Structures are given as structure tokens and as C-alpha cells.
Amino acid sequence: MVLDKLGDSLRGTLKKIANSMFVDEKLLNELVKDIQRALLQADVNVQLVFNLTKQIKDRALNEKEPTSISKKEHLIKIVYDELVKFLGESKAEIVIQKKKPFKIMMLGLFGSGKTTTIGKLANYYSKRGYKVAAIGLDVHRPAAPDQLEQICKQVKIPCFINKKEKNPLKIYKEFEKEYSKYNILLVDTAGRDALSKDLIEEIEMLNKEIKPDERLLIISADIGQAAERQAKQFHESCHVTGVIATKMDGTAKAGGALTACAATKAPIKFIGVGEKINDLESFNPEGFVSRLLGMGDLEALLEKARDAISEDDAQDLGKKFLKGDFNLLDLFEQMAAMKKMGPLNKIAEMVPGFSQLKLPKDMLQVQEGKLEKWKHAMGSMTKEELEDPELLDRARIERISKGSAVPGSEIRELIKQFKQSKKLVKMFKGKGDMKQMDKMMKKMGGMQSMMGNMKS
Ligand code: GDP
Ligand code: MG
């Protein structure tokens, strides 16, 4: 894929977000540093990089996340949004008008890929039902007409060339009667090894005479940030309507060219990703960033973040516990959430006056692996058993043990946990300490939902 390395680094950064406990200043600083490093390696302009990361940080610190998503999801979304904006926001498609022909003129330095791109565009639009032709106006390079002819043959479109004529405008006029037979006329022009005055003059003259509907700047991605200067100069002389960045396959520094062009407000319309006719992709920033960040990965991450217990669930659970009418499934969920939070006595410590209660050590705290087994055991229980574990006598336990391959002793342990928890709640109730209990449950609910949101 294009910009593999940048993609790798950015995906790594997103994983870091997903795996972190909290979205805090420390994480943000780390994130900003990661993104800066990744973009600088892709040759993006330093000032642009700093602007982008400042924007990300400002938004992350000041924007309140919508209620439907967690802080983490929100942060990932901010990174995604800002990268898309960075690359030019909306998809900039070429709208082929009905007129005949719709003229597309190539601009760009020698070797940037103009002639090759004509073949790619011819192929792209022919496949979509347009009648396409090309005209060769590169009169400076001796082999240019042959190259264009060769390429046009390959995509089976007519090619207008005159190998002897040295005046490009004359060549253009020579075939003028033909053009109206086609939907699209692709105009190949000359380039030089540097932006020279006479090249600019020639292009300006052709632009005035031909009046192309689209003036596409073909830029080789491997020139990196130098793209900005070229884009600006071609823009000044011909008013560039779009950019095609070629050789995206051959450089790790394509970030420079992409963002430099975006900065001049000439939208990138296509990218060239190889020498062959099919190696052309229409460019849309959203799709590009999605792939760069690995949208598959991204979605999985967001899903993981959502997976954890929701605030409402947590509050319901808290209430059930409070009333003492929780069942085994509730207990299980509570324990699973607890495992993420730490032991109950740790949590109780945070509630004023609660520490004197002397909770049994490691209450509700379960060992690694145990929850998994209990889950299996619970899978072999009936609905009534789950709702009323008092039903679980020796025979039933034996049946469940056989069905789930979980030893009877572990099932009895689960039941013991359940009874203890019930007792604990009763104890609180008996003490009439409901206010405190309520407080703690709220705190637990709050923590759970927070952990739920944070935890991936
Ligand atoms: P022009 O002088 O602007 O017309 O450039 P050409 O079309 O002749 O291309 C110059 C060289 O770049 C040729 O060897 C092409 O095969 C190569 N080239 C063009 N586009 C791409 C691309 O997207 N990827 C790669 N790898 N090579 C390309
Ligand atoms: Mg050429």
C-alpha cells in the first residue's frame, strides 16, 4: 500500500490510544509526538505537522465527546478528522461535462508522468463508457509522439500526433475537426527538467488557445515538499484545477507531495501507483486516511472500546446489587467488571467511612482464569438455576460439571462467592448504611462505565 510506513506508525498510535487507561494530557502528548514523528518521516512540512498536531490536541482537550461515544473513540475520531482535513477535505472528482469534447490538459515537469497518466486516464474513462482520444503536443522530446502512440494503442484510443511539426498549436489546430467526435480529449504537453520561462510561456499560450476544462498538474510524489513550489507556479500560470500525484508506489515520502499540493488548494484527483495502465486510483481523502489508519483495524478498535460495559448497564447492576436481588449472571458481570477495576476493598477505600467496615479480604476479586471457567459452568446452567443459585444441589452441580468440564469444586466456589455477596449486601442493609451504599454503588457504576469506556 501507498505510504506503508506512515500507515504502520499511525496504526500503532491508534492502538496506543485503545490500550491506554485514560485519555489524559500524558497520552495526548505521547500521541502528538507519535503523529509528528510519523508525518515528518513521510516528509510532511514541519509547520503543517505542528499545525495539525496542535489542532488535534486543542480539540481533544476542549471538545466534549458526544454521549454516544467514549473519550477514546472521540480521540480516534479527532485524529481521523484532522488527517482528512489535512489532505483536502472532500472528494474532488472530475465532473465530465456533456460537451464534446471535454478537454483535459496535462501540466507538469519532464518525467513527472504526464504521458503515462494519459494512458491511465484513457483507460479509466473508456471503461466508464466515454469515447476518449489523445493529442500529443510535446514537440520537444524526440521520442514523445512515439511513446504516446504506443500507449494509446494499448488502451485502444485514437492518438493525434504529427512527428514533423514543431509548433504545438499548429498540431492542435490540424486535428480540430476530429475532436467533437469524442467525449474526452486528453492533451499531452511538454515538460522540461526545470521550471523554465519558455516552458511556462508555451503552456500559457496553449492554455489560452485550447481552453481546457480541466488543467491537471501531474506531480511525481518522490519530489516531496518541492511539490508545493511547482504546484504554485503552474497554478499561477494556468490555474490548475486538480493534481495527480504519480509514483506514489515508489516513495516513502509521499506525504510531502500530498500535503504540499493540498496546501495550495488544488485538490488531488487521482494518484498513480505504478507504471501500468491500471495503476490509477481516484483519490478521496476520507478513503485514503481510512486505509492509512487501517479502517478495518480502526473499526475493530472502536468496537472493542464499545464492547465494555455501558454506563446504563453499570447503573442497573448497581441498583440490583443495592436491592439484593441480583442473580448469578449479574454477579458474573459484576465480577468481570471488578476484575478490570481492582479489588472491592480498594474501591471501598475511596468512599469515606467505608474503610472501617473491614470487608473480607479480596472480596469479589477473582483469580485470573477463574472467570472463564465460571462462564463455562454458567453456560451449562438452566435459566432457573442462574436466577436462583439456591437450587444448585449436589446432583445439579454434578450435572453442570459434566456438561461444562468445570470441576465441581470450582462450581461450589462460584456459589460461595454468590452467597457471600448476598450476605455482604444484607450486612450493609442491616447497618442501615444505605446512603453510603448508594454512594459506593454510584461510585462503582461511575467507575465501571469509565473503565468500560476506557478499557479496550
Ligand atoms: P512525462 O515526461 O511527464 O510524460 O513522464 P512519463 O509519462 O514519460 O513518465 C516518466 C516515467 O515515470 C516513466 O518511466 C513511467 O513509467 C514512470 N511512471 C509514471 N507514473 C508512474 C507511477 O505512478 N508509478 C511508477 N512507479 N512509475 C511511474
Ligand atoms: Mg511525456
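**Figure 1. Buried residues of helix α10 in the predicted model.** In this predicted model, the residues of helix α10 that count as buried are Ala 254, Gly 255, Gly 256, Ala 257, Leu 258, Thr 259, Ala 260, Cys 261 and Ala 262. Helix α10 covers residues 254–263 and is mostly covered, with 9 of its 10 residues buried. After the helix comes Lys 265, which has a positive phi near 70°.

**Figure 2. The contact of helix α1 with helix α2.** Two packed helices are described by the angle between their axes together with the distance between those axes. Here the axis of α1, residues 4–19, and the axis of α2, residues 25–41, come within 9 Å and cross at roughly 175°. Because angles over 145 degrees count as roughly antiparallel, α1 is described as roughly antiparallel to α2. On the α1 side the contact is made by Lys 5, Leu 6, Ser 9, Leu 10, Thr 13, Lys 16 and Ile 17, which meet Leu 27, Glu 30, Leu 31, Asp 34, Ile 35, Ala 38, Leu 39 and Gln 41 of α2.

Figure 3. Thr 53 lies in helix α3, which spans residues 46–62. The relative accessible area of Thr 53 is 3%, so this residue counts as buried, the cut-off being under 20%. When neighbours within four places in sequence are left aside, Thr 53 is in contact with Val 32, Ile 35 and Gln 36. With Gln 36 there is a polar contact between side chains, at 3.0 Å.

**Figure 4. Thr 241 in the loop between α9 and β6.** Thr 241 is placed in the loop that lies between α9 (227–238) and β6 (242–246). Its relative accessible area is 19%, and Thr 241 is therefore buried, since the limit is under 20%. Not counting residues up to four places away in sequence, Thr 241 touches Asp 213, Glu 214, Arg 215, Leu 216, Pro 267 and Lys 269. Two of these residues also take part in pairings through the side chain of Thr 241: the side chain of Glu 214 is joined to it by a polar contact of 2.6 Å, and the backbone nitrogen of Arg 215 is reached at 2.8 Å. For Lys 269, which is 28 residues from Thr 241 along the chain, the C-alpha atoms of the two residues are separated by 9.3 Å.

**Figure 5. Surroundings of ligand 1.** There are 17 residues around ligand 1, of which Gly 111, Lys 114, Thr 115, Thr 116 and Glu 275 come nearest. A polar backbone atom of Gly 111 is 2.7 Å from an oxygen atom of the ligand. For Gly 272, a backbone N or O atom lies 3.3 Å from an oxygen atom of ligand 1, whereas for Lys 120 an N or O atom in the side chain is 3.2 Å from an oxygen atom of the ligand.

**Figure 6. Ile 397 in helix α18.** Ile 397 belongs to helix α18, residues 394–404. Its relative accessibility is 6%, so Ile 397 counts as buried. Setting aside residues up to four places away in sequence, Ile 397 touches Leu 392, Gly 408, Ile 411, Arg 412 and Ile 415. Between the C-alpha atoms of Ile 397 and Ser 409, which are 12 residues apart along the chain, the separation is 9.1 Å.

Definitions and conventions. Residues numbered from 1 in each chain as written. Chains lettered and ligands numbered in written order. Predicted model: local features only at pLDDT ≥ 70, side-chain atom pairs only at ≥ 80, totals over all residues. Heavy atoms only, no water. Buried < 20%, exposed > 50% of the residue type's maximum accessible area, 1.4 Å probe, protein only. Helix = DSSP H or I, 4+ residues; strand = E, 2+ residues; numbered from the N terminus. Axes fitted to C-alpha atoms, helices over the stretch in contact; angles between N-to-C directions. Parallel < 35°, antiparallel > 145°, perpendicular 65-115°, else oblique. Contact = heavy atoms within 4.5 Å. Near = heavy atom within 4 Å. Polar contact = N/O pair within 3.5 Å; in protein donor to acceptor, adjacent residues only side chain to side chain.
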